[in-house]
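Please study the sequence and the three-dimensional structure shown below, and then work through the exercises in order.

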Amino acid sequence: MAHGQKKRRKRSLEGLITVEGRNLSWKLLSEPQWTTEDGYRGLCISVRTDNTSRRELVLEYPMPAKTTGNGMPQLPQRPKFSATSVEDGVRQAIVAGWEPESRGKAFVFKMV
């Protein structure tokens, strides 16, 4: 971080949605970032049922396709998303095999 720059506070975004008759809560897990393990990772959102012992869904959005002048991806500071886009992601994850009432490790669904 350059001298004199203030560290940006993490957004605290969360909400409640209903998909296919299920009440679900969602919250922002992480902003787009560079990781040494996976390279660039997009925005991640956690989705859970009322019963927290059930299987969590992690919606992972792709990095934007914008690039800077040197060909590196341009990191958006704070991508926009809405409860409607989270609902759409949950529906796609259910079709792909996420079962909200099952148990087990988190189901990571990469959005396209």
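The model is predicted: local features need pLDDT of at least 70, side-chain atom pairs count only at pLDDT 80 or more, and totals for chains, interfaces and linings use all residues. Residues are numbered from 1 along each chain as its sequence is written, and side-chain values use heavy atoms, with hydrogens and water left out.

**Exercise 1. Describe the span of helix H1 and state which face of H1 is buried.**

Step 1. Helices (H or I, at least four residues) and strands (E, at least two) are DSSP runs, numbered from the N terminus. H1 has 14 residues and extends 20 Å from its first C-alpha to its last. The expected span is 1.5 Å times one less than the number of residues, and for H1 the expected value is 20 Å.

Step 2. Buried means under 20% relative accessible area, exposed over 50%, and partly exposed in between (1.4 Å probe, protein chains only). In H1, the buried residues are Val86, Gly89, Val90, Ala93 and Ile94.

Step 3. Viewed down the axis of H1, these residues fall within an arc of 140°, so they line one face of the helix. The arc is taken from the directions between the helix axis and the C-beta atoms. In general, an α-helix has 3.6 residues a turn, so residues three or four places apart point the same way.

Step 4. The buried residues of H1 pack against E1, E2, E5, E6 and E7, where contact means heavy atoms within 4.5 Å.

**Exercise 2. Classify the aromatic pair.**

Step 1. Rings of Phe, Tyr and Trp (its six-membered ring) pair if their centres lie within 6.5 Å; planes under 30 degrees apart count as stacked, over 60 as edge-to-face and the rest as tilted. The structure holds 1 aromatic pair.

Step 2. Trp26 and Phe81 form this pair, with 5.6 Å centre to centre and 75° between the planes, and it is edge-to-face.

Step 3. Trp26 belongs to strand E2 and Phe81 to the loop between E6 and H1, 55 residues apart. Trp26 counts as buried because its relative accessibility is 9%.

**Exercise 3. Are Ser102 and Arg103 buried or exposed?**

Step 1. Ser102 is located in the loop between H1 and E7, and Arg103 also has its place in the loop between H1 and E7.

Step 2. Ser102 counts as buried because its relative accessibility is 17%. Arg103, at 58%, counts as exposed.

Step 3. Beyond neighbours within four places in sequence, Ser102 is in contact with Arg54 and Arg55, while Arg103 touches Ser53, Arg54 and Arg55.
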